[in-house]
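This report covers charge pairs, a pocket and a surface patch. Keep the structure open while reading.

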Amino acid sequence: MTQNGADMMGDCDPRVEDYLNDRIQTAHDLQNLDDILQNLQEQHDLQKRQLREAEEILAQASKASTDHDEEVKKLADAFERQQHEIDKRLILTTKSQTADEAVQKFESLMKRITTYDVARGYLEAMAEVNSLKDQAFSYIKNEPQLALPVYLQLMEIHSGLQATQPSAEGAAPHLVDTTSCITQELRGTLETVFEERLRSALSEMKWPSNKLNLSDDVLNNWASAFQSLLQLQEPELPKLSPEKVSSSSWEPPILLPIKIMVQPLGLRFKYHFTGDRPTNRLDKPEFFLSHILSLFDTYSDFISSYIQPSFDERALQTTSSVTWAYVDAMSSFITAILPILQQKIITTMPLVSDHPQLLSHFMHELMRFDDEVRNMWNYTPNPYTGENWKGTTWEVLVKQDWFPRWLAIEKEFALARYHEIIDSPDSGELEYDSVEPNASKPTKAAIRVNDLLETITDRYRPLLSFTQRLRFLIDIQISIFDLYHIRLREGLEAYLAMTSTIGRTVQGTAGVQANIEGVAGLERLCRIYGSAEYLERKMQDWSDDTFFLELWTELQERVRGRNKSDKPFAGPLTVSDVAEKTSIAVKSDDVEGALFDETASAYGKLRVRSQEIIETTVSDNFHTALKPYLQVNSWHSVSPPTTGSLHGAAPTAEVSEALRTLTTELGFLSKALSSIPLFSITRSLLTHLQQYLWDHILMRNSFSATGAIQFCLDVQAICDTVDEIISARVPEGAESSKFMRRLIDGLVLLSLPNEVDGEAHKDGSVPISISDVEKKVFESNESARSVLTMLQVRNLTEAEARQVLQRRIEIRT
């Protein structure tokens, strides 16, 4: 049995063997044998069904393929029969021997037929053009208005032929040329006829006299001729639209009827402003410019009352591609007048270019004219953009390239005026009347230089070109600022050289010394300080001016758009050149900055440096005046007073002499400087004086009670003198004593009485003798601080308090 089973398994398919081994692994699996057999039977039935379906699909596909092959074969046979029939007919038709020869002959015939069709179309087009031409010219004699629709139809045909030329590879050029000639001939004839009608109407109207004949008949004739010329020009206007041309190169066209109307105005202009007429003067360009402006004013009412309604009527009847030309009649009138002016400018510029005064005046008047046309008449030739009219100035400076010559002349004028200011005898005098009383006083030269630079700003403010504005700013204004800064800096360096030890030795003479010492020396310094502060403040004011703010904004935008390129972008100027002259912020993305940053910074540094020298000079002068005071050696020999009162006593004679010097110098500074520098100088003086008196008087001498009181009186006299001079100019609460608190606290200790009567003071404080204070100060730091607090001595350390007390001879003994 086992052997037979093994033999049977050996004859089975290996997959069957694997299946049985997988399903029957134990004796218990034999119980599921019926289920396995049933499952196998179901799978077998399913596969049989799938096989039958696949056989059916294969049979259908085979039948369809066979049917398709038979259909294709039938179609191929039919095509061959048809091709043979066509070849046979083609051979018979062309009387050829072979099919290829017949095809060549047939293609030749088709080309001839096409040529005949083109020729027929050409002749038909020519016939239509000639017919329209004849029709139009027949109308011109009696009813020229009827010829306009015919002309417009011809223009449409001509435009259509031109538009199809590229796709037709330039076919029928003669037809296009002939149509163009006929159209232009008809247009010229119509223009002549309508111009004659308009001139006749204008003659009846008595144009351009001041008293026009505005009767209904005259106005109707004028309006009819005016409208006819507008309609005649309309086919040309779409190509001239500002929407189809770059705004930088677009120029407004002159409308035909307005061109005819301004012709007599042009003749009148030539009569007055050419030749040897007294009105034709090179030094008076305002004559012909004001004449042009008067034309605008004279005929503005007629334009708004009659021409603008005619424009509005025409705009309603035409297409949207033309309406831009009828927006503003006044602008159209100005556009027609400007060529008359431009021709005059072109002939005048070479005559004035060699005369700096005339050229400068001529350009100034042109800018005034442009500004009035923009603002007074709101001239906007391009209605689709918000850009301002560039003006006749732009025509002269850019298109005719006169800007370099004009800039050079304006720079020469500015420099000449600058040197005239500097060389004037009173240029170095302080100006007290032209500034606020509490302001620092600049020199007259500084004020005049500022006035000069403001005048230059007014000169180029009307310019619209960014490059031209920037060149004026850098080449002229900042250059003059730099020149004056160099002059001030050299003046300061000259003062320092003369006041140095070597300088004093070399100069030597009393006259030179008198010019650099005392008030005379301070005045030299105040000239530099006041001028630097004044121009620095003016530059800050200019930086907030709308004109310079707009220039700064545009400069930043242009620099950002160059992607850090350092190529010239404003004439010969690179970004680095502009940043060096204006502000380093130009080269960064920092929006903080202004056009005068670098120049104002240079003036600010000069101001700070000159103020420091003034502070040093005042302190040194006062210390020099106090040298006799240092020789006083009687502080300890005065008999002690019965009371420690200062009332009725006078300051030391040596201090009184020094105070006269201080009064003179501070009195001058209080008039020449504003409150802030005056306060700073006074604070510096008192701070240095405190240390000077502490080191050279207090710490070098021994004092009796009376000597201490006298020293207190001297210090109080100094503080009172300073307060009296500057009290009205410095902030409230800035008394001199506040800057000498350490010395005053020391004097409080130094002037303590030897004995006290025990009675309380009016303020409730109990008097204390110097011996009592000495005991507590030397006892310990805690007791020292306690007694110093009681005496309201807050600016001395315990060690300094002990040093001060040791200056009293009573303590030493």
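The notes below take the basis first, then each topic in turn.

## Basis

This is a predicted model: local features need pLDDT of at least 70, side-chain atom pairs count only at pLDDT 80 or more, and totals for chains, interfaces and linings use all residues. Residues are numbered from 1 along each chain as its sequence is written, and side-chain values use heavy atoms, with hydrogens and water left out.

## Salt bridges

The whole structure holds 27 salt bridges (a side-chain nitrogen of Lys or Arg within 4 Å of a carboxyl oxygen of Asp or Glu). Asp426, Glu429, Lys444 and Arg448 are joined in a network of them.

Asp475 pairs with Arg471, with 3.0 Å between the closest N and O atoms. Both sit in helix H15 (residues 466-499), 4 residues apart, so about one helical turn separates them. Helices here are DSSP runs of H or I, at least four residues, numbered from the N terminus. Asp475 is buried at 17% relative accessible area, and Arg471 is buried at 16%. Buried means under 20% relative accessible area, exposed over 50%, and partly exposed in between (1.4 Å probe, protein chains only).

In helix H26 (residues 741-750), Asp745 and Arg741 also lie 4 residues apart, about one turn. Their side chains form a salt bridge of 3.3 Å, N to O. Asp745 is buried, at 1% relative accessibility. Arg741 is partly exposed, at 32%.

Arg461 bridges to Asp458, with the closest N and O atoms 4.0 Å apart. Arg461 is partly exposed at 32%, and Asp458 is partly exposed at 47%.

## Second largest pocket

A pocket is an open set of points on a 1 Å grid over the protein atoms alone, where a 1.4 Å probe fits, with protein on both sides within 12 Å along at least five of seven lines; lining residues have an atom within 4 Å of a point.

The lining has 25 residues; Trp250, Glu251, Pro252, Trp389 and Glu395 lie nearest the centre. Helices H10 (329-352) and H12 (391-399) each give two or more residues. H12 gives the most, 5 residues.

## Nonpolar patch

Leu33, Leu37 and Leu40 make a nonpolar surface patch of about 230 Å². Patch residues have over 30% relative accessible area and no salt bridge, and nonpolar side chains are joined within 5 Å. Leu33 belongs to helix H3 (residues 33-94). Leu33 is partly exposed, at 32% relative accessibility.

Terms used. Patches are made of residues with over 30% relative accessible area and no salt bridge: like charges are joined within 9 Å, nonpolar side chains (Val, Leu, Ile, Met, Phe, Trp, Tyr) within 5 Å. Accessible areas come from the Shrake-Rupley method with a 1.4 Å probe; for residues, only the protein chains shown count as cover.
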